[in-house]
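This report describes selected structural features of a single protein model. The sequence and structure are shown first, followed by the description.

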Amino acid sequence: MVRANGAVSLRELARVVQTSEVTVRRDVRALEAEGLLDRRHGGAVLPGGFTRESGIPQKSHLATAEKTAIADLAAGLVEEGEAIVVGAGTTTQELARRLARIPGLTVVTNSLLVAQALAHANRVEVVMTGGTLRGSNYALVGSGAEQSLQGLRVSRAFLSGSGLTAERGLSTSNMLSASVDRALVQAAAEVVVLADHTKLGSDTMFQTVPTDLVTRLVTDEPPGHDDRAASELQALADQGVQIAVAGSGSGPAASEPLPHGRQGRRDMPLPGQRRTHGGAPGGQGPQQLRSAAAMAEQGDRARVADLRRR
């Protein structure tokens, strides 16, 4: 299946061979040890190390429920009338589909998929960067894309990537994509990373956003057996990254923030808190998030410790 499609998800493998994802994961590890494939993002890809990257058709089938829940939560961060930048990726594409319902937005992007998702949103203005088309992820890259972002200033950037660690931050496996993502970061006052749990603890070749520049991570809750992802969440929180965890079950996403780590580095409302026109936090959004203070009082870190024990 990997040879035929370039990538396959653990969920799909488990369905095809009619066994559990735990069993599939064990067998995929064994195949990786033999050099027959590489484990990536909740699935497996053809071997090739840091320099290879799955294309959009392969990525679109990986962690789909998680990406949907993450996009639902991330959309709650965006206010009417804001100007934002949105990078390339399947998770940011999901976000764009939800941004189409928010009036008065200006969205700057280098992603054809993001632009397509917003093409028929009458009250959203889409600004495309220049650049050279990179067909594997439908993104504009190169000096033309980077130069078109010079002098731009927006409220926040929404970015995805191939891996995220507390030590190195967000990274990707393609040099041209990394360079444009860095330019997007420079244009934004705040940086929001969208990454499902399979990317936590993964480190790929080219750094795009160092940890100290990541304002917030929107992710899904790691499964009980994923100690690496849970440990990485705690490490990111300890470094001051604000973390929001989206539910991936059916129905509305159940979402709640994790500890913020160092306080005072960036003063942002939590995803459920909309700011009023006067600048003060408003009522809860559809995710019904609790404030950071309330979460701290109820033992945030105990929740992360419980994830690690599981």
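## Nonpolar cores

In the largest nonpolar core, which has 30 residues, V193, L217, L236 and I243 touch the most other members. A nonpolar core is a set of buried Ala, Val, Leu, Ile, Met, Phe, Trp, Tyr and Cys residues joined through side-chain atoms within 4.5 Å. Buried denotes under 20% relative accessible area, exposed over 50%, and partly exposed the range in between (1.4 Å probe, protein chains only). Two or more residues of this core come from each of strand 9 (154–159), helix 9, strand 12 (188–194), helix 10 (227–238) and strand 15 (242–246). Helices (H or I, at least four residues) and strands (E, at least two) are DSSP runs, numbered from the N terminus.

When neighbours within four places in sequence are left aside, L236 is in contact (heavy atoms within 4.5 Å) with L164, T165, A166, L200, T211, L217, V241 and I243. A second, separate core comprises 26 residues, including A69, V86, L194 and V218.

## Basis of the model

The model is predicted: local features need pLDDT of at least 70 and side-chain atom pairs count only at pLDDT 80 or more, whereas totals for chains, interfaces and linings use all residues. Residues are numbered from 1 along each chain as its sequence is written, and side-chain values use heavy atoms, with hydrogens and water left out.

Three strands form an open sheet in the order 10-11-13, with antiparallel pairing. Two strands pair if DSSP finds at least two bridges between them. Strand 10 (163–165) and strand 13 (206–209) are the edge strands, each pairing on one side only. From one strand to the next, the twist averages 35°. Axes are lines fitted to C-alpha atoms, for helices over the stretch in contact, and angles run from 0 to 180 degrees between N-to-C directions.

Strand 11 (residues 169–172) pairs with strand 13 in the antiparallel sense over three bridges, and T172 stands opposite F206 in strand 13. Helix 9 (residues 175–186) packs on the sheet and touches strand 11 and strand 13; the direction of helix 9 makes about 20° with that of strand 13.

## Positive phi angles in loops

Q18 is not a glycine, yet has a positive phi of about 55°. Q18 lies in the loop between helix 2 (10–17) and helix 3 (21–33), and counts as exposed at 73% relative accessibility.

Y138, also not a glycine, has a positive phi of about 55°. The loop that holds Y138 runs between strand 7 (132–134) and strand 8 (139–141). With a relative accessible area of 35%, Y138 is partly exposed.
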